[in-house]
Amino acid sequence: MFNVSDTAYDNFMGRFSNRLAPLFADFAGIAAGQRVLDVGAGTGALTSELVRRGADVAAADPSPTFVAALHKRLPGISVHESPAEQLPWPDEAFDASLAQLVLTFMRDAPAGVAEMRRVVRSGGVVAACMWDFEGMEMLAAIRRTQHALDPSREAPEAGQLYRSRESIEALFGDFRLIDPADPAWHAVRDEVMGLLG
Ligand SMILES: C[S@@+](CC[C@H](N)C(=O)[O-])C[C@H]1O[C@@H](n2cnc3c(N)ncnc32)[C@H](O)[C@@H]1O
């Protein structure tokens, strides 16, 4: 799916993910000096924002074209061609690991989140965001067009996981990365939902 040129990606999803990156980095509390891993970095929308903040940044993505683009765009950072499920860093190497618009594409999201947790120090941050399956108008327009052209065809994404807030919260809850009983968690989540409108 991501065997496309970096510029094609930038012209499509990049327009959205570049604007999302600062909001997501704020949500995760990323500041200068932190060691931060961008998982599923793509062409670097979030990676660039992390670098701009003065974080000590590393990135991973399984797409060779995106990894080549990242090497060219951000030559100072460590970039690995690897999926979330097999991160090539030692335990507790980072203060935070982030995945922007990646969860639904992982072959094994629980394994990917376990790896994101493994490489973060105790007390650090593991964070992910995904677009809302129904609410992302740019993608909903494509699904409507597909359906109009071939009504018998199911929307290709319909069976994919981790596109709702509830499913992501449940996944993170399984790893004890959030505690839904904790009022502080709800306060942060409500603040971010407000930022995103
Ligand atoms: C929608 S793009 C998001 C890219 C970037 N994070 C952004 O916000 O623009 C999804 C990314 O997930 C990557 N990806 C696919 N499978 C993955 C996996 N198993 N582990 C990590 N990343 C994966 C793709 O190569 C692609 O770069």
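A residue is called partly exposed when its relative accessible area is between the limits for buried, under 20%, and exposed, over 50%. All views show a predicted model.

**View 1. P88 in the loop between β3 and β4.** P88 belongs to the loop that links β3 (78-81) to β4. Its relative accessible area is 41%, so P88 is partly exposed. Leaving out residues up to four places away in sequence, P88 touches H80 and S82. The C-alpha atom of P88 is 9.6 Å from that of E115, a residue 27 positions away along the chain.

**View 2. E115 in helix α4.** E115 is part of α4, which covers residues 109-118. The relative accessibility of E115 is 12%, and E115 therefore counts as buried. Beyond its neighbours within four places in sequence, E115 contacts A84, E85, Q86 and L87.

View 3. An N or O atom in the side chain of D61 is 2.6 Å from an oxygen atom of the ligand. For Q100, a polar side-chain atom is 2.8 Å from a ligand oxygen atom. F105 takes part through its backbone: one of its backbone N or O atoms is 3.5 Å from a nitrogen atom of the ligand. The ligand taken alone exposes 590 Å², of which the protein buries 95%.

**View 4. The largest nonpolar core.** This core has 56 residues, and those that touch the most other members are I30, W89, L98, L103 and F172. Helix α1 (residues 6-27) supplies the largest share, six residues. In soluble globular proteins, nonpolar side chains tend to be buried together. F172 is in contact with L103, V113, V126, A127, A128, L177 and I178, when residues up to four places away in sequence are not counted.

**View 5. Helix α2 and what covers it.** Helix α2 spans residues 45-52, and its buried residues are A45, L46, T47, E49 and L50. The elements covering these buried residues include the helices α1 and α3 (64-73) and the strands β1 (35-39), β2 (56-61) and β4 (94-100).

**View 6. Strands β1 and β2.** β1 and β2 run parallel and are joined by five bridges. Of the six residues of β2, five are buried, so the strand is largely enclosed by the rest of the structure.

View 7. E92 is not a glycine, yet its phi is positive, near 60°. E92 sits in the loop between β3 and β4, and it is partly exposed because its relative accessible area is 46%. R176 is likewise not a glycine and has a positive phi of about 55°. R176 lies in the loop between α6 (165-174) and α7 (183-196). With 74% relative accessibility, R176 counts as exposed.

Notes
Residues numbered from 1 in each chain as written. Predicted model: local features only at pLDDT ≥ 70, side-chain atom pairs only at ≥ 80, totals over all residues. Heavy atoms only, no water. Core = buried A, V, L, I, M, F, W, Y, C linked by side-chain atoms within 4.5 Å. Buried < 20%, exposed > 50% of the residue type's maximum accessible area, 1.4 Å probe, protein only. Helix = DSSP H or I, 4+ residues; strand = E, 2+ residues; numbered from the N terminus. Contact = heavy atoms within 4.5 Å. Polar contact = N/O pair within 3.5 Å; in protein donor to acceptor, adjacent residues only side chain to side chain. Areas by Shrake-Rupley, 256 points an atom, 1.4 Å probe, with all protein chains shown as cover. Pairing = 2+ DSSP bridges.
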